[in-house]
Amino acid sequence: MRPAVTVRGLEKAYGPRRVLRGLDLEVRRGEIFALLGANGAGKTTALECIEGLRRCDAGEISVDGRLGVQLQSGALPGHLRAMEAVRLFALWNGTAPDGAMLAELGVDRLGKRPYAAMSAGQKRRLHLALALLRRPDVLVLDEPTAGLDVEGRSALHGCIRRLRDRGCTVLLSSHDAAEVERLCDRLAVLRDGRAVFCGTPAELAARSPRTVAVRTADGWIRRETGDVGGALLALLEDARRRGAAVLDVEVGRGALEHSLLELLEEGTE
Ligand code: ATP
């Protein structure tokens with residue numbers, strides 16, 4: 001199956017600053033794919049090149065299907081009401097608004113509220129609804145949950161998952177390792193203008209050492225290790241030698257955030 005988005009050797013500089021230096025990406029059809037990276041790593045630049053909003057200096061980009069876009073910050077005239085915006089964008093796109101989608105995003109309930117009076121979360125949901133009016137095959141979302149509270153974030157995650165389940169490919173950027181771990185099927189980490197990791201959240205988490213811990217009456221003793229069995233046996237043996245009863249045992253997997261920090265710290269700049 002052809003990938004939904006293919007990026008090969010993407011280069012982009014702003015004056016002397018080379019932000020993208022041969023970025024390669026492949027987003028598979030029907031997955032939620034995240035771009036992660038430090039501030040200024042070039043996530044927005046890469047997404048804007050893919051969206052066609054920004055001209056790249058070199059490289060190839062191909063998107064298979066119709067693209068829907070939600071920019072990092074969108075703005076509409078303050079007096080425009082939610083459903084007026086929906087009708088206007090539907091007219092431009094030559095589509096009819098999908099009532100179920102508007103209800104799912106809670107945009108129908110915003111009805112007559114003017115844009116200027118909407119909260120950050122309501123604006124984000126409206127912009128997502130506007131992006132979906134094109135009925136995209138590939139949806140690009142630049143930090144879709146930035147500034148949202150826990151409830152708004154969780155509702156938006158639900159919407160993004162349902163879109164994926166209906167076959168839409170979602171490419172998003174995020175700063176939040178926990179969000180990416182919960183939401184995304186695969187991710188790429190950008191550093192020095194390239195993807196320095198590409199894989200599943202579990203594969204990224206597995207790069208950091210696992211922890212084993214044993215609890216006795218004296219408390220927990222923890223070890224970071226690449227050899228879970230050996231480290232656990234050593235801790236149990238130690239407790240036996242001390243004559244301490246083992247009350248609990250814990251084996252933790254590597255933390256995605258830990259692996260991500262290590263990858264970013266390996267940077268040369
Ligand atoms: P963040 O996580 O902070 O949103 P990002 O990974 O999305 O950052 P970009 O917004 O793509 O990064 O910016 C990458 C670099 O390019 C930054 O150093 C930024 O200052 C610079 N940059 C972005 N847009 C422009 C522009 N229009 N002109 C000049 N420099 C720019």
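Q: Buried means under 20% relative accessible area, exposed over 50% and partly exposed in between, for a 1.4 Å probe and protein chains only. What makes helix α1 count as mostly covered?

A: This is a predicted model, in which local features need pLDDT of at least 70, side-chain atom pairs count only at pLDDT 80 or more, and totals for chains, interfaces and linings use all residues. Residues are numbered from 1 along each chain as its sequence is written, and side-chain values use heavy atoms, with hydrogens and water left out. In α1 (residues 43-51), eight of the nine residues are buried: Lys43, Thr45, Ala46, Leu47, Glu48, Cys49, Ile50 and Glu51. Gly52, which follows α1, has a positive phi near 85°.

Q: What makes a segment a helix or a strand, and how many of each are there in the protein chain?

A: Both are DSSP runs numbered from the N terminus: a helix is H or I over at least four residues, and a strand is E over at least two. By this rule the protein chain has nine helices and twelve strands. Of its 269 residues, 43% count as buried, and its C-alpha trace spans about 75 × 45 × 35 Å along the principal axes.

Q: Why is Glu143 called buried?

A: Glu143 has a relative accessible area of 15%, and the term therefore applies, as this value is under the cut-off for buried residues. Glu143 is placed in the loop between β6 (138-142) and α5 (150-165).

Q: What is the phi of Glu143, and what is that of Asp192?

A: Phi is near 45° in Glu143, a positive value in a residue other than glycine. For Asp192 phi is near 55°, again positive without the residue being glycine; Asp192 sits in the loop between β8 (186-191) and β9 (194-199).

Q: How do you know that Lys12 has no salt bridge?

A: A salt bridge requires a side-chain nitrogen of Lys or Arg within 4 Å of a carboxyl oxygen of Asp or Glu. Lys and Arg count as positive and Asp and Glu as negative, while His and the chain ends are not counted. For Lys12, in strand β1 (residues 5-14), the nearest side chain of opposite charge is Asp57, 4.2 Å away.

Q: Which residues is Lys12 in contact with, leaving aside its neighbours within four places in sequence?

A: Contact means heavy atoms within 4.5 Å. The partners of Lys12 on this basis include Arg17, Val19, Thr45, Arg54 and Asp57.

Q: What makes a space a cavity, and how many of 30 Å³ or more are found?

A: On a 1 Å grid over the protein atoms alone, a cavity is a set of points where a 1.4 Å probe fits but cannot get out; a pocket is an open set with protein on both sides within 12 Å along at least five of seven lines, and lining residues have an atom within 4 Å of a point. The search finds one such cavity. The largest cavity holds about 50 Å³, and its lining residues are Met101, Glu104, Leu105, Leu132, Cys159, Leu163 and Arg166. Both α3 (99-104) and α5 give two or more residues to this lining.

Q: What is the volume of the largest pocket, and which residues are closest to its centre?

A: Its volume is about 310 Å³, and of 15 lining residues the closest to the centre are Val69, Phe89, His127, Leu130 and Ala131. A volume is the space filled by probe spheres set on grid points, which are joined across faces, edges and corners. β5 gives the most to the lining, with four residues.
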